[in-house]
Amino acid sequence: MTASITESIAAKSKKSPVDYPLSDLKLDAKVPSGPLEQKWEKHKFDSKLVNPANKRKYTVLVVGSGLAGASAASTLAELGYNVHCFCFQDSPRRAHSIAAQGGINAAKNYQNDGDSVFRLFYDTIKGGDFRAREANVYRLALNSRNIIDQCVAQGVPFAREYGGQLANRSFGGAQVSRTFYARGQTGQQLLLGAYSSLSRMIEAGRVKMHTRTEMLDLVLVDGHAKGIVTRNLTNGKVERWAGDAVLLCTGGYGNVFYLSTNAQGCNVTATYRAFKRGAAFGNPCYTQIHPTCIPVHGDDQSKLTLMSESLRNDGRIWVPKKNEDCTKSPEQIPEQDRDYFLERRYPAFGNLCPRDIASRAAKVACDDEGRGVGPEVNGRRLGVFLDFSKSIAEKGRAEIEGKYGNLFDMYAKITAEDPYKTPMRIYPAVHYTMGGLWVDYNLMSNIPGLFVLGEANFSDHGANRLGASALMQGLSDGYFVIPSTIAGYLAGQKPAAAPTEHAAFKEVDGDVQQRIERLLAIKGKRSPRSFHKALGKIMWDECGMARSEQGLAGAIEQIKALRAEFWENVAVLGDNDNMNVSLEMAGRVADFLEFGELMCLDALHRNESCGGHFRAEFQTEDGEALRNDDEFAYAAAWLHRGDDKTPALAKEPLVFENIKLAQRSYK
Amino acid sequence: MADGSPKTMTLTLHVWRQKNARAAGAFQTYKATGVSPDQSFLEMLDLVNEDLIGRGQEPIAFDHDCREGICGMCSLMINGEPHGPERGTTTCQLHMRHFHDGDEIVIEPWRARAFPVVRDLVVDRGAFDRLIQAGGYVSVNAGGAPDANSVPIPKKEADLAMDAAACIGCGACVAACPNASAMLFVGAKMSQLRHLPQGKPEQTKRALNMLNRADKEGFGACRNHFECEAACPKEIPRRVMAEAFRDYVTAAVNRDDG
């Protein structure tokens, strides 16, 4: 970092274009004392326990049934708690964890290539651009080993070597081979493992499962999370559920961008409603743009499809050196006219550099330098080649087919091109959100009794998540963290303290009913999808891969205007007595229309670039993200103050005791 | 994908509309215009729905979520075929380039006693969850599992398990079967677990419990038509049903009642 750049940051950060109040809330992360390696063991021993006979007196409400939710619900039920689990899909097996393709990291060191718990911890902190909490990440690395054991015991069919041992592959941001996988369907197999355990507990009567049931609000009694209000998506019935603790395992908010790799139903409602009831939202601007997705083909597209990062093990990414070659088919472009830009810019990691870096490099090649390939959409060619010809020549088609067959098939189905013969075309797309509700070491939010697990929390990935680490986090939180930490809270609570007749439930129930009636009463002209699409465009243009002060400030104004129009003119047809798909979508879009503004505010306040958050004003001379550790080495936690007020910022300083803060280098 | 702007199509759709489980349903006819060959079948339905909303009519309800062929949420009988005409493809991955301008398309929900209609094209597949609850798991609690590499599993067995485990639980097999049998679905889960050492201890008990539950849920008996195999978007092989029968018979002969 040169002196002149440092000075310009200091000058910039002093004049913030947006006014936001600072909160005096002290965020206590409750990180245990002692050496890093001993914190978790010590914490488990120091935590209070609930005795086996008393566990059944406590009811835990688990919202969401993905890796985090299903593993938490089944494990808590196995321990003896009384569990209710909710999902909006028709079955808990459908949660979007199922779509994760490439794999799950674990510090097993089966390859004897120098891996260790500390190395996985180090890679994750560095990959997250030094914006995650050390103690949580170390625990994640520690638990990673147990996850693989647990999943094998459940009958998850991981890939094997001929000798019967587990196979591994490499993923971005690591120089060891620590990723376990089940063909290109690792998320599916891990989720079905968790789902099978959950099913066993449902059969045993220890979990009551509520499918096609969406949480619409959180109920607080005397400041503690004691229940939720849901809507039955089949018949519209609004219901109250009382519990002694609430676990939100509701995934990420990538669909705020409309086009993303998320499932259509993924939404921010549960976490955003909790935010409006007082939960702090951590780092909402940290979103991950995944480098290997199939490019956008047209205006009526509803979703973007990911091609697993594992493809970067054998595929080489390139664009033509000359702009005039961009319309040629790849076979016509000779080797010397190809620019393997990741290998050129990042020789040490090459095609396996972290996601944020690979995505931004592709954006530079296409958007800034005009060297993108593929069909022109809205006047631009947004795509780079992912070329397997060298690997196929060296290893043979059979080996490549064995590793990636289903991904190649999926690509061929969507694009009608054969990736064995011609390079794939890929472009970055919104994939994962590192931000989420703020939680302490126990995974509890600042609302006592409200726990947040998996992608829904902000905890472990800092400003960028490494590949194959989301599955690891969801399962670590659900199988191994929450069973220990929830007891520490419940042990101090009188069971079944607040029945659903309590005034707090009545009030929230009333709010939910009123909101539904309000949506149905607008009877406007414009569909919820059209609003969602318009919001997505604002977010992608101004709060996507590159952000700027001016763009973000403008985006906030545009979102406010769009939101005002929504509440005047959205068309929600039908009634609340039957399945109503427009009502479901309208409710989710309404929350995205508020949440998008919060994301832009967070991005605007963070006058630095880090990981997936890239502010054009803050970059090094060669275009890398430029952090500002003096001013921004903290987690930003936003607190709701009322509908027409700017949220207040509380800061959790990030203390690095075990890793030296450094500028990331993958060169 | 063709370069430039591809020609669009106009289609006539006959869609099953039904307000709820108790109401009578009927086909309604709609025009889908401006359909691009690069759109997925569900994106085509999105367009129709946007048009319906614009005209003040309630959109068609259909199940969908991941739109990348893995969650198993999408369904649809398309011209009498589950997930439409493409082999090994879910409806969300079926692209309109497989249709022609002017085509008529009949779109219905899954038809099976065990899958009652919820609304329009949406059915209740809760019966599949209850089949898994009857025994589609290894009875192991979290914590205390031995090291993952302590029991080697031959690659061939792991691959056979994975072939069966690829099932997405969409219900196409049931919809395709003249008897609405769930044998391919049940067989897939049983096969996955019988090829792994972890699943062996409960192998026959699992067969008995899952197949008895299938009867109770109203699924029909398997008569080896193999329509299920042809319709399966994940191409689960018929051998999983043979394995399931074998385990069931073994359990019955041994009077293994769990």
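1. The domain assignment of chain A gives two domains, domain 1 (290-429) and domain 2 (503-639). Taken over C-alpha atoms, the centres of domain 1 and domain 2 of chain A are separated by 30 Å. This is a predicted model, and the remarks below should be read accordingly.

2. On the contact between the two domains of chain A: 6 residues of domain 1 of chain A are in contact with 6 residues of domain 2 of chain A. Helix 10 (residues 355-368) of chain A gives the largest share of the domain 1 side, 5 residues. By class, that side of domain 1 of chain A has 2 nonpolar, 1 polar and 3 charged residues.

3. Confidence in chain A. The mean pLDDT of chain A is 94, and 97% of its residues reach 70 or more. Residues 1-14 of chain A, however, have pLDDT below 50, and beyond near neighbours in sequence this stretch has 10 contacts in the model. Where pLDDT is low, the predicted coordinates should not be read in detail.

4. A sheet in chain A. An open sheet of 3 strands in chain A has the order 6-7-8, with antiparallel pairing. Strand 6 (213-221) and strand 8 (238-242) of chain A are the edges; each has a single partner strand, so one side of each is left without a neighbour in the sheet. On average, neighbouring strands of this sheet are turned by 25° against each other, direction ignored.

5. Pairing within that sheet. Strand 7 (residues 224-232) of chain A is joined to strand 8 of chain A by 5 bridges, and the two run antiparallel. Within strand 8 of chain A, the residue opposite A:Arg231 is A:Val238.

6. What lies across the chain A sheet? Helix 14 (residues 503-522) of chain A lies across strand 6, strand 7 and strand 8 of chain A, and runs at about 140° to strand 6 of chain A.

7. Helix packing in chain A. Two packed helices are described by the angle between their axes and the distance between the axes. For helix 4 (residues 67-79) and helix 7 (residues 186-203) of chain A, the axes come within 8 Å and cross at roughly 35°. The crossing of helix 4 of chain A past helix 7 of chain A is left-handed.

8. Residues in that helix contact. From helix 4 of chain A, A:Leu67, A:Ala70, A:Ser71, A:Ala73, A:Ser74, A:Ala77 and A:Glu78 take part; they meet A:Leu190, A:Leu191, A:Ala194, A:Tyr195, A:Ser197, A:Leu198 and A:Met201 in helix 7 of chain A. The contact of helix 4 with helix 7 of chain A has 10 nonpolar, 3 polar and 1 charged residues by class.

9. Interface between the chains. In the model, 67 residues of chain B are in contact with 66 residues of chain A. On the chain B side, at least two residues each come from helix 1 (41-54), strand 6 (117-119), helix 2 (126-133), helix 3 (155-165) and helix 5 (183-194) of chain B. The residues of this side of chain B divide into 31 nonpolar, 19 polar and 17 charged.

10. Domains of chain B. The domain assignment gives domain 1 (9-118) and domain 2 (125-140 + 152-253) of chain B, and their centres, taken over C-alpha atoms, are separated by 28 Å. Between them, 18 residues of domain 1 of chain B are in contact with 17 residues of domain 2 of chain B. The domain 1 side of this contact in chain B has 8 nonpolar, 7 polar and 3 charged residues by class.

11. A sheet in chain B. In chain B, 5 strands form an open sheet in the order 2-1-5-3-4, and the pairing is mixed. Strand 2 and strand 4 (81-82) of chain B are the edge strands, each pairing on one side only.

12. How do the strands of chain B pair? Strand 1 (residues 9-17) and strand 2 (residues 26-35) of chain B are antiparallel over 8 bridges, and B:Trp16 has B:Phe27 in strand 2 of chain B as its bridge partner. Strand 1 of chain B also pairs with strand 5 (residues 104-108) of chain B, in the parallel sense over 4 bridges; here the bridge partner of B:His14 is B:Val106. Strand 3 (residues 77-78) and strand 4 of chain B pair in the antiparallel sense over 2 bridges, with B:Ile78 opposite B:Glu81.

13. Helix 1 of chain B. This helix lies across strand 1 and strand 2 of chain B, running at about 100° to strand 2 of chain B. Helix 1 of chain B also supplies at least two residues of the side of chain B that touches chain A.

Methods: Residues numbered from 1 in each chain as written. Chains lettered and ligands numbered in written order. Predicted model: local features only at pLDDT ≥ 70, side-chain atom pairs only at ≥ 80, totals over all residues. Pairing = 2+ DSSP bridges. Axes fitted to C-alpha atoms, helices over the stretch in contact; angles between N-to-C directions. Contact = placed C-beta atoms within 7 Å. Left-handed = near helix turned anticlockwise from the far one by under 90°. Nonpolar A, V, L, I, M, F, W, Y, C, P; charged D, E, K, R; others polar. pLDDT = per-residue confidence, 0-100. Domains from an automatic or database assignment.
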